[in-house]
Amino acid sequence: LSANRSSTQFYTAIKAGATYSLHRFSLAAVYNRIDPDYQSMGAYHVTNDMQSVSLAPRFVLFDGRMRVSANLTYRHDNLQNKKRATTSRIIPVLVVSVQPGSNWGVDFNYTDVLTSQSDGYTSVSDSFRLSQQNPMLTLSPRYSIISGSASHTFLLGVMYQTLLDDNAITARYAEYNTTNLNFSYTLSLTKSQFSVSASANTTRLENAGGVYRNSGVSLNASKALLEQALRLTAGGGLSFHATGETITASVGASYALQRRHSFTATLNLVNSSAGYYAKERFSEYTLVLGYAYTF
């Protein structure tokens, strides 16, 4: 055997998986391992020094009216004990979709990231040891009215997310909770190729610095012309925060020529009062022009 050369490196990246499927049930298992300092020699960014195992069951219940999917992942780094600490994460995900009727349904999502640290090549101080939980819950009821010439879609989204820190020293500065409510309505006219949507949202964030709130509304529309070769879009929004308000607006057009050439143009406006990033009101205009050729 020849001696190792200083210019030669050998690292591995492994991914393996298996899936078991029945008519209304499936179970998938995936294993990943990427050595420290591994380079893909092609992709711009690859997470290395990582090993993970995940299980993903899926169920179909009540003649397809309820679908349940889940995923449980365990991941950790420091595979070769090169770091001061080993960081481990347990990531559970649960998605439940209920469709009792053809025109309405409810989606529920739960995700969490449980992070902990153990000693690496040295002991980790309790003052800096990570021990956090970051659950997020979303509930999205929806309702649709569909006719031959138009469709109406109503969607309500409720989201709650919090960060819980078991480290008494860092908890005061790291913990937060946020709640977001969003309501949207979309009207689509099939024959005239026209659609319009309106939405309103509000967010509340609480952390060590206090309670912060912001709200906003938006309106967007699009229209297709010339047998859908030309599409016009326009939209605007208004948001309110603790230190002022921000107005946004945009107009755009796209044109497809012989299905190979496409041209786009978009003009965006931002007008903001005194806020976090400016000492006084400012306006910003952005024009984006694009061309694409499809082979």
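# Strands, rings and a pocket in a predicted model

Reader: Which strand does S5 pair with, and in what sense?
Author: Strand S5 (residues 85-101) pairs with strand S7 (residues 114-119) in the antiparallel sense, over 6 bridges. Bear in mind that this is a predicted model.

Reader: What is the bridge partner of Arg89 in S7?
Author: Arg89 has Thr115 as its bridge partner there.

Reader: And S7 and S8, how many bridges?
Author: There are 3 bridges between S7 and S8, and the pairing is antiparallel. Ser116 has Ser131 in S8 as its bridge partner.

Reader: OK, where does S8 go from there, how many bridges join it to S10?
Author: Strand S8 (residues 131-133) is joined to S10 by 2 bridges, and the two run antiparallel. Gln133 is the residue that stands opposite Leu164 in S10.

Reader: What about S9 and S10, how many bridges there?
Author: Strand S9 (residues 136-146) pairs with S10 over 9 bridges, again in the antiparallel sense. A hairpin of 3 residues joins S9 to S10. As an example of the pairing, Ser144 has Thr153 in S10 as its bridge partner.

Reader: How many bridges between S10 and S11?
Author: S10 and S11 pair over 14 bridges, in the antiparallel sense. Leu156 stands opposite Phe183 in S11.

Reader: Switching to rings. How many aromatic pairs does a search of the whole structure find?
Author: The search finds 5 aromatic pairs. One of them is Phe154 with Tyr185, a tilted pair with 5.0 Å centre to centre and 35 degrees between the planes.

Reader: Which strands hold those two?
Author: Phe154 is in strand S10 (residues 150-165) and Tyr185 is in strand S11 (residues 176-189). They are 31 residues apart, and the pair links distant parts of the chain.

Reader: Which class of accessibility do Phe154 and Tyr185 fall in?
Author: Phe154 counts as partly exposed because its relative accessibility is 29%. Tyr185 is partly exposed too, at 23% relative accessibility.

Reader: Why does the pair of Tyr293 and Phe295 count as edge-to-face?
Author: The ring planes of Tyr293 and Phe295 are at 85 degrees, so the pair is edge-to-face, with the centres 5.0 Å apart. The cut-off for that label is over 60 degrees.

Reader: Back a step: which residues form an aromatic cluster with Phe154?
Author: Tyr143 and Tyr185 do; with Phe154 they form one aromatic cluster.

Reader: What does Arg260 touch?
Author: Leaving out residues up to four places away in sequence, Arg260 touches Ala292, Tyr293, Thr294 and Phe295. Two of these, Tyr293 and Phe295, are the edge-to-face pair.

Reader: Where is Arg260 in the chain?
Author: Arg260 lies in the loop between strand S15 (244-257) and strand S16 (261-272). Arg260 is partly exposed, with a relative accessible area of 40%. From Arg84, 176 residues away along the chain, Arg260 is separated by 54 Å between C-alpha atoms.

Reader: Pockets next. How much space lies in the largest pocket?
Author: About 170 Å³ of space lies in the largest pocket. Its lining has 13 residues, and Thr203, Tyr212, Arg213, Asn214 and His241 lie nearest the centre.

Reader: Which strands supply the lining of the largest pocket?
Author: Strand S12 (194-207), strand S13 (210-225) and strand S14 (230-241) each supply at least two residues of the lining. The largest share, 5 residues, comes from S13.

Reader: How many nonpolar, polar and charged residues are in that lining?
Author: The lining of the largest pocket has 5 nonpolar, 7 polar and 1 charged residues.

Reader: Last topic, backbone angles. What is phi at Asp37?
Author: Asp37 has a positive phi of about 70 degrees, although Asp37 is not a glycine. Asp49 is another non-glycine residue with a positive phi, near 55 degrees.

Reader: Where do Asp37 and Asp49 sit?
Author: Asp37 is found in the loop between strand S2 (25-34) and strand S3 (50-61). Asp49 also lies in the loop between S2 and S3.

Reader: Is each of them buried or exposed?
Author: Asp37 is partly exposed, with a relative accessible area of 40%. Asp49 is buried, with a relative accessible area of 8%. The cut-off for buried is under 20%.

Notes. Residues numbered from 1 in each chain as written. Predicted model: local features only at pLDDT ≥ 70, side-chain atom pairs only at ≥ 80, totals over all residues. Heavy atoms only, no water. Phe/Tyr/Trp six-rings, centres within 6.5 Å; stacked < 30°, edge-to-face > 60°. Helix = DSSP H or I, 4+ residues; strand = E, 2+ residues; numbered from the N terminus. Buried < 20%, exposed > 50% of the residue type's maximum accessible area, 1.4 Å probe, protein only. 1 Å grid on protein atoms, 1.4 Å probe; cavity = no way out; pocket = protein on both sides within 12 Å on 5 of 7 lines; lining within 4 Å. Points joined across faces, edges and corners; volume = space filled by probe spheres on them. Nonpolar A, V, L, I, M, F, W, Y, C, P; charged D, E, K, R; others polar. Pairing = 2+ DSSP bridges. Contact = heavy atoms within 4.5 Å.
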